[in-house]
Amino acid sequence: MEYFGNKDILKHHKTGFLSSRKCPAEVVLKSYEWAKLQRNKGNCVVCGNHSQIERDVFEILLKGEQPLVLVLPRGLKKRWDKSWLENIEKNRLLIVSPFAIDITRVTRETAIHKNETILSLSENIVVGYKSPNGQLDRLLTNLKFDHV
């Protein structure tokens with residue numbers, strides 16, 4: 001596991017956010033409202049930024065002051081978004097990668113491993129949407145989680 005940022009964030013109670021890439025519009029809006037609520041309450045969230053909904057939820061959370069963990073579906077980058085660096089400097093962001101730095105392409109397998117990492121780092125799981133019989137549906141079989 002590779003880390004960039006404040007590893008002390010891992011000591012917080014963390015809620016993981018997962019969602020299938022394709023989801024109904026009402027679920028997208030509910031996910032945005034959920035992210036705003038977490039941000040306003042100061043709750044620590046573990047999420048990815050691979051799919052559009054993940055990117056949007058991450059950006060909503062990044063506008064807050066609460067601790068945040070971002071799990072990448074690839075190795076750590078060499079160049080970082082300016083707002084990410086600013087939040088790392090504020091000690092409120094931890095970027096995690098379960099991959100070596102030379103893994104630069106996102107594949108189905110790396111996306112699955114990213115989701116497994118989110119599950120392993122989180123005490124609670126919230127799901128925006130899971131496609132029936134999709135990879136997230138299979139991953140969450142027999143696990144307890146909440147919906148947005």
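Asparagine 115 sits in helix H4 (residues 108–121); helices here are DSSP runs of H or I of at least four residues, strands are DSSP runs of E of at least two, and both are numbered from the N terminus. Asparagine 115 counts as buried because its relative accessibility is 10%. Buried means under 20% relative accessible area, exposed means over 50%, and partly exposed lies in between (1.4 Å probe, protein chains only). The model is predicted: local features need pLDDT of at least 70, side-chain atom pairs count only at pLDDT 80 or more, and totals for chains, interfaces and linings use all residues. Residues are numbered from 1 along each chain as its sequence is written, and side-chain values use heavy atoms, with hydrogens and water left out.

**Around asparagine 115**
- Leaving aside neighbours within four places in sequence, asparagine 115 is in contact with Leu18, Glu54, Leu136 and Leu139.
- Contact means heavy atoms within 4.5 Å.

**Helix H3**
- Trp84, Asn87 and Ile88 are buried in H3 (residues 82–89).
- These residues lie on the same side of H3, because they cover an arc of only 105 degrees around the axis.
- The arc is that of the directions from the helix axis to the C-beta atoms.
- An α-helix has 3.6 residues a turn, so residues three or four places apart point the same way.
- The face turned away from the buried side of H3 carries the exposed residues Lys82 and Glu89.
- The cover over the buried residues of H3 includes strand S1 (2–5), helix H2 (52–62), strand S4 (68–71) and strand S5 (93–97).

**Strand S4 and its partners**
- S4 is covered on both faces: Leu68 and Leu70 are buried on one side, Val69 and Val71 on the other.
- Strand S3 (residues 44–47) pairs with S4 in the parallel sense over 3 bridges; strands pair if DSSP finds at least two bridges between them.
- Valine 46 has valine 69 of S4 as its bridge partner.
- S4 also pairs with S5 in the parallel sense, over 4 bridges.
- Leucine 68 stands opposite leucine 93 in S5.

**Two β-α-β units**
- S3, H2 and S4 make a right-handed β-α-β unit.
- S4, H3 and S5 make a right-handed β-α-β unit.
- Right-handed means that, with the strands pointing away from the viewer, the path from the first strand over the helix to the second runs clockwise.

**Asparagines with positive phi**
- Asparagine 91 lies in the loop between H3 and S5, and its phi is positive, near 60 degrees.
- Asparagine 91 counts as partly exposed because its relative accessibility is 48%.
- Asparagine 133 is in the loop between strand S6 (124–127) and helix H5 (135–139), with a positive phi near 65 degrees.
- Asparagine 133 is exposed, at a relative accessible area of 62%.
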